[in-house]
Amino acid sequence: MIRPGGPADADTMLAFLDEAVAWMVERGQSEQWGSEPWSAQPKRVARVRAMAESGLLWIAEADGAPAGALVLGEPPEMIPPVDEPEVYIRFLITSRRLAGRGIGSDLLDFARARTRALGIGLLRVDCWAGARGRLVDYYVRNGFTPSATFTVDDWPGQVLEQRVD
């Protein structure tokens, strides 16, 4: 089930992010988000709280408990613009405890359905392009096509898109 999220879901989102950081650090991959939990960084906590309060948050549940989060909206300022209407995936994360259950793919299916329902033909997302592009590959496996690259400081990013008709 996917339900609308709100301010009360911010701590859940932070817990998902903390799980992800710990998982990546265990694998020696701290380049994406560093090694400090998101919940210990005031700027990141404020960013997550703003997403939770945006009215654009959706929460996936599995067995009655939060399992993932999705924020749809406008692209961030560092993303190359397009000359047509679009829906942008601003944030997507799932609980590491539930890895392999297809929750991320379910949230992407939901984003496609929302895009279609709005009569919009373009869905885009960006992600970290490091670690040999494993996250990019995830989106490609889910039907997205790489379309542009960008860099913020030394953080390599990839924009991907999908036609939704």
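Which residue takes a positive phi in the hairpin of E2 and E3? Asp63 does, with phi near 55 degrees, and that hairpin has two residues between its strands.

Some ground rules. This is a predicted model, where local features need pLDDT of at least 70, side-chain atom pairs count only at pLDDT 80 or more, and totals for chains, interfaces and linings use all residues. Residues are numbered from 1 along each chain as its sequence is written, and side-chain values use heavy atoms, leaving out hydrogens and water. Helices (H or I, at least four residues) and strands (E, at least two) are DSSP runs numbered from the N terminus.

Now the strands. Six bridges join E2, residues 57-62, to E3 in antiparallel fashion; strands pair if DSSP finds at least two bridges between them. Ala60 stands opposite Gly68 in E3. On E4, residues 87-94, E3 again has six bridges and runs antiparallel, with Val71 partnered by Phe91. Seven of the nine residues of E3, residues 65-73, are buried, so the strand is largely enclosed by the rest of the structure. Buried means under 20% relative accessible area, with a 1.4 Å probe and protein chains only.

Next, the helices. Ala10, Asp11, Met13, Leu14 and Leu17 in H1 meet Val45, Val48, Arg49, Met51 and Ala52 in H2, contact meaning heavy atoms within 4.5 Å.

Last, Leu17. Leu17 lies in H1, residues 10-26, and is buried, with a relative accessible area of 0%. Leu17 and Pro37 are 20 residues apart in sequence and 7.4 Å apart in space, C-alpha to C-alpha.

Terms used. Buried means under 20% relative accessible area, exposed over 50%, partly exposed in between (1.4 Å probe, protein chains only).
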